[in-house]
Amino acid sequence: MKAVLFYKHGGLDVLQYTDFPTPEPGPGQVLVRLKVAALNGLDLWVRTGWPGIKLEYPHIPGADGAGEVAAVGPGVEGWQEGERVVINSNLGCGKCEACLGGWDNRCWDWHLLGETVRGTYAEFVIVPARNLYRLPEGFPERAAAAAALVFHTAWHSLITRGNLRPGETVLVVGASGGVNTASIQIAKLCGATVYVVGSSADKLALAESLGADYLIDRSQEENWSKVVYKLSGRQGVDVVVDNVGITFPMSFRSAKKGGRILTVGNTGGAKFEIDNRFIFARHLSIIGSSMGTLHDFSTVMDLIFAGRLKPILDRDYPLAEAPAAQERLESGAQMGKITLEI
Ligand SMILES: [Zn+2]
């Protein structure tokens, strides 16, 4: 099969478009013939590497993908060759206490497709059968692949962990990233009032088109927590979605008494100082999560299929041009998800 892979960490030049043996599905596994892969920030971090990451080389990146069942391994029931599927990249073992309790994203032997396991920048990929979800007739693979990881992550954070309720106020720190655009839509669907802090008029226009109620341009308003405070009638908001990290001090200031700070990542930096007085004096809860459960995945994908939630699509590149696609992602110029056509 054709695949994009690398043998060592590094810049864009370590990515090679080349031939690689088509894998064979083992017990409980399915071989998927991919039509589309979608990029995530994770792909860049896996390529550049971090202390302690252990990959089996050559490594194939890519968490998101959609296509059709090409073959099933021993013991797999309920799947036929040719069925169109989207992949849930969150790989739980299915056997540990966390998995059996329905919290497969807390699995004791947790893996993410494309992170430590060979991923979707390829013509074929192997995944456990439980990680497949059927595409309805006519629903495009590209939209499904682009939606999967980011909507899954945002749903778990806002709804399952954050317990967001209709009528609450939500601040999303960041206007255009995949998880943020998903969070804006999920919060609106839930019946919340949504504030968005963004870095440019373009990105805020995107947030507005998704239903955001209050737009704050941080290039104009450096101390955006003050603006949130004023706009919310000097109350602050119920929920802050902060996947930037270094913005936590401002997020604390933006939260109402009893507010929840939700986080699934740190695109701006992982280490920062916290003023504990905000946490206790405002009765704040900090709620972290990573990816989502099998139940979250089917719930959110059904809303995607029904058109109630929509992934924002940026450019589409042929698989062979994965380095150019990653370059665009690295530049931050994209508005929505970048995809690879396979
Ligand atoms: Zn497990």
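**Reading salt bridges in a predicted model**

Modeller: In this predicted model, the side chains of E83 and R134 form a salt bridge, with a distance of 2.5 Å from N to O.

Biologist: Which parts of the chain does this pair tie together?

Modeller: E83 lies in the loop between β4 and β5 (84-87), whereas R134 belongs to strand β9 (residues 132-134), so the pair ties together parts that are 51 residues apart in sequence. R134 counts as partly exposed, at 39% relative accessibility.

Biologist: What is the general idea behind such pairs?

Modeller: Side chains of opposite charge can pair when their charged atoms come close.

Biologist: How many salt bridges does the count come to?

Modeller: The count comes to 12 salt bridges. One of them joins the side chains of D19 and K2, at 3.2 Å from N to O. This pair links distant parts of the chain, for D19 is in strand β2 (residues 16-19) and K2 is in strand β1 (residues 2-5), 17 residues apart.

Biologist: Is D19 buried or exposed?

Modeller: D19 has a relative accessible area of 52% and is therefore exposed, since the cut-off for that class is over 50%. K2, at 29%, is partly exposed.

Biologist: Which residue meets E68 in a salt bridge?

Modeller: The side chain of E68 meets that of R33, at 2.7 Å from N to O. E68 is in strand β4 (residues 64-72) and R33 is in strand β3 (residues 29-38), 35 residues apart. E68 is buried, with a relative accessible area of 18%, while R33 is partly exposed at 30%.

Biologist: Which residues are linked in a network of salt bridges?

Modeller: The network links R33, K35 and E68.

Technical notes. Residues numbered from 1 in each chain as written. Predicted model: local features only at pLDDT ≥ 70, side-chain atom pairs only at ≥ 80, totals over all residues. Heavy atoms only, no water. Salt bridge = Lys/Arg side-chain N within 4 Å of Asp/Glu carboxyl O. Helix = DSSP H or I, 4+ residues; strand = E, 2+ residues; numbered from the N terminus. Buried < 20%, exposed > 50% of the residue type's maximum accessible area, 1.4 Å probe, protein only.
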